[in-house]
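My notes follow in the order I took them.

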Amino acid sequence: MEVFNITLPTSWAELSDKQLLMVYGLFARDLSAAEVKTLSIMKWNSLKVLATLPHHRFLIKRKEEPEVALSTRQIQQATSVLDFLDNFPPMPVRIARIGKYHALPADFEKVPFEQYLFVDNLFQGYLNTQSDELLLQMAQVLYASDHVKPDKAQLVGIFYWIASLKQYFAGLFPNFYKPASSTDGNLLGNGQTDLYHQLRDSTNAMIRALTGGDITKEAAIMKMDTWRALTELDAIAREAEEIRKTTNKA
C-alpha cells in the first residue's frame with residue numbers, strides 16, 4: 001500500500017516562526033484541536049485532499065507523487081505527533097519578529113523588571129477582560145515599539161508567549177509563585193476595579209520587598225534584570241514561609 005513519508009515537529013521548540021504563525025492563525029479561528037493538527041500536517045507536508053471516499057477514507061495527493069487513500073484512523077495516528085499543541089509550551093517561545101520589530105528574549109532573561117511588571121499586569125487584565133487592546137499594548141512592550149501592528153494570529157501568539165512564560169516562572173520560582181489562597185486561584189473574577197487595586201497592591205508589595213522599604217532604591221530595582229528580581233522575591237517568599245512555620249510551632 002502506498003503511503004506518504006511525512007516529517008513533523010515533535011515540540012513547540014522545533015516550530016519555526018512561519019509554523020508558529022500558522023498554528024496561532026488556526027487557533028484564532030476557534031478550530032478544534034483535531035482540525036488544527038490535521039491542517040498543520042497537510043500544510044507542512046504539502047498534502048492536498050482530492051476527494052472523500054467511502055469507509056471514512058480520503059484521497060490525498062502530494063505534488064508529483066501517486067495519490068494515496070488514507071483512513072481517518074491513519075490521519076489520527078499521524079496527528080498524535082502534534083499532541084504537544086494541546087498545552088502551553090513548557091519553555092516560552094515567540095515569533096521573533098513582527099514586521100521590522102524584534103521581540104524581547106522569550107524567557108525575559110536580561111529584560112528590565114519594570115517591563116516584566118507592565119506586561120504581567122496587562123496579561124492579568126487581558127484574562128479578566130479578553131480585550132485585544134491589552135494584547136496590543138503587550139505587543140508594544142514585547143516588540144519595543146509603539147508602531148508594531150500585530151494581526152490576529154500574532155496577538156494569539158503574544159497570549160501564548162506570556163502564558164507559557166508565567167507557567168515557566170512558576171516552576172523556576174515556586175515559593176514566589178505559590179497559588180493564591182482565593183477560590184479562583186488568581187487575581188481575577190472580582191470586577192475590573194478590584195482587579196486594578198489588587199494588581200497595584202501586588203506590584204507595590206513586590207517593589208517594597210525588593211527595596212526593603214527604601215524608596216531611594218526603587219529606580220534601581222525597576223531596572224534590575226527580571227530573573228534577578230524574581231530570584232530575590234522567591235528567596236524572600238521562602239524565608240517568610242519558614243518564619244511563619246517556625247512561629248506557628250512556637
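I started at R62, which is buried at a relative accessible area of 11%. Buried means under 20% relative accessible area, exposed over 50%, and partly exposed in between, with a 1.4 Å probe and protein chains only. R62 forms a salt bridge with E65, and the closest N and O atoms are 2.9 Å apart. I use the term for a side-chain nitrogen of Lys or Arg within 4 Å of a carboxyl oxygen of Asp or Glu. E65 is partly exposed, at 31%.

Before going on I noted that this is a predicted model, in which local features need pLDDT of at least 70, side-chain atom pairs count only at pLDDT 80 or more, and totals for chains, interfaces and linings use all residues. Residues are numbered from 1 along each chain as its sequence is written, and side-chain values use heavy atoms, with hydrogens and water left out.

**Salt bridges**

How many salt bridges does the rule give? The count comes to eight.

I looked at K37 next. Its side chain meets that of D86 in a salt bridge, 3.0 Å from N to O. K37 lies in helix α2 and D86 in the loop between α3 and β4 (97-98), so the pair ties together parts 49 residues apart in sequence. Helices (H or I, at least four residues) and strands (E, at least two) are DSSP runs, numbered from the N terminus. K37 is buried, with a relative accessible area of 8%. D86 is partly exposed, at 44%. A network of salt bridges links K37, D83 and D86.

Then I checked K223 and E114. Their closest N and O atoms are 2.6 Å apart, in a salt bridge. K223 sits in helix α8 (residues 218-223) and E114 in helix α4 (residues 113-129), 109 residues apart. K223 is exposed at 56%, whereas E114 is partly exposed at 29%.

**Helix pairs**

At what angle do α2 and α3 pack? I found about 90°, with the axes 9 Å apart. Axes are lines fitted to C-alpha atoms, for helices over the stretch in contact, and angles run from 0 to 180 degrees between N-to-C directions. The two helices are therefore roughly perpendicular, a label for 65 to 115 degrees. K37, T38 and I41 of α2 make the contact with I75, A78 and T79 of α3. Contact means heavy atoms within 4.5 Å.

I turned to helix α5 (residues 132-142) and α6. Their axes come within 10 Å and cross at roughly 75°. This pair, too, is roughly perpendicular. Residues that meet here include L135 and L136 in α5, and F159 and W161 in α6.

**Helix α1**

I checked the length of α1 (residues 17-28). Its twelve residues should span 16 Å at 1.5 Å a residue, and the end C-alpha atoms are 16 Å apart, which agrees. The expected span is 1.5 Å times one less than the number of residues. Q19, L20, M22, V23, Y24, L26 and F27 of α1 are buried. Their cover includes α2 (33-44) and α6 (152-172). Just after α1, D30 takes a positive phi of about 60°.

**T226**

Is T226 buried or exposed? It counts as buried, at 0% relative accessibility. T226 is found in helix α9 (residues 226-249). Leaving out residues up to four places away in sequence, T226 touches F108, V111, P112, F113, Y116 and F169.

Terms used
Parallel < 35°, antiparallel > 145°, perpendicular 65-115°, else oblique.
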